[in-house]
Amino acid sequence: MNARRLARVAVVLVLAAWICGTAAAEELTVNDPGNVTAGETVTISGTTNVAPGNRLAVTVAPVGFGPANKSAPAGAAGTSGTVVVEAGNATANTWSFAANTAGFEPGEYSVAVEWVEGDASASTTFTVTAAAAATPSPAVTSPAATGTAPPTTSPRSEERRVGKECRMP
């Protein structure tokens, strides 16, 4: 009877190992946002096999971000927030995070996405470029704006001028 019991325990352990081995691990992906101009809103998105309704924490920070001297002026900005996983197609669910880059200095930024209730995570980087300098448009001035009005003539003064030219001596 000991051998039978040992065989049952072995079968249960093998089945448990097989079930645990075939369970899908949670996965996250982050799409490459590409280059972004400072001041634009960039949509950071990706896919996951985490169930809809779960929350993901998204952090955008300058590469090389670390402790700073508190008396020094503020450095490059970053942003963070949470998003909710939305139902996708049969193979993957989706998520997206809108990051306003106003206040971001030009440079490379890292994106870290983590499942709040689990251990799935993903990351990527993107580059923020400086916004193009605004080109001033030439100012259009009207005679009224300059304070000098064009000379005016009245119909009466025109008649006098014509009358003088037509007189005979």
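Q: What percentage of the 169 residues of the chain count as buried?
A: Of the 169 residues, 20% count as buried, where buried means under 20% relative accessible area, exposed over 50% and partly exposed in between, with a 1.4 Å probe and protein chains only. This is a predicted model, in which local features need pLDDT of at least 70 and side-chain atom pairs count only at pLDDT 80 or more, while totals for chains, interfaces and linings use all residues. Residues are numbered from 1 along each chain as its sequence is written, and side-chain values use heavy atoms, with hydrogens and water left out.

Q: Which secondary structure does the chain have?
A: The chain has three helices and seven strands, taken as DSSP runs (helices H or I, at least four residues; strands E, at least two) and numbered from the N terminus. Their order along the sequence is α-β-β-β-β-β-β-β-α-α.

Q: And what share of the contacts with a separation of 6 or more comes from residues 24 or more positions apart?
A: Such residues account for 68% of those contacts, a contact being heavy atoms within 4.5 Å.

Q: Turning to Asn93, is this residue buried or exposed?
A: Asn93 is buried, at 12% relative accessible area. The residue belongs to strand β5 (residues 93–100).

Q: What does Asn93 touch?
A: Leaving aside residues up to four places away in sequence, Asn93 touches Gly46, Thr47, Thr48, Val50, Ala51, Pro52, Val85, Glu86, Ala87 and Gly88. For Val50, the backbone oxygen lies 2.9 Å from a polar atom of the Asn93 side chain.

Q: Now the rings: how many aromatic pairs does the structure hold?
A: The structure holds two aromatic pairs. Rings of Phe, Tyr and Trp (its six-membered ring) pair if their centres lie within 6.5 Å; planes under 30 degrees apart count as stacked, over 60 as edge-to-face and the rest as tilted. Phe104 and Tyr109 form a stacked pair, with 4.8 Å centre to centre and 15 degrees between the planes.

Q: Which residue pairs with Phe126?
A: Tyr109 does, in a stacked pair at 6.0 Å centre to centre with 25 degrees between the planes. This pair links distant parts of the chain, 17 residues apart: Tyr109 is in strand β6 (residues 107–115) and Phe126 in strand β7 (residues 121–129).

Terms used:
Polar contact = N/O pair within 3.5 Å; in protein donor to acceptor, adjacent residues only side chain to side chain.
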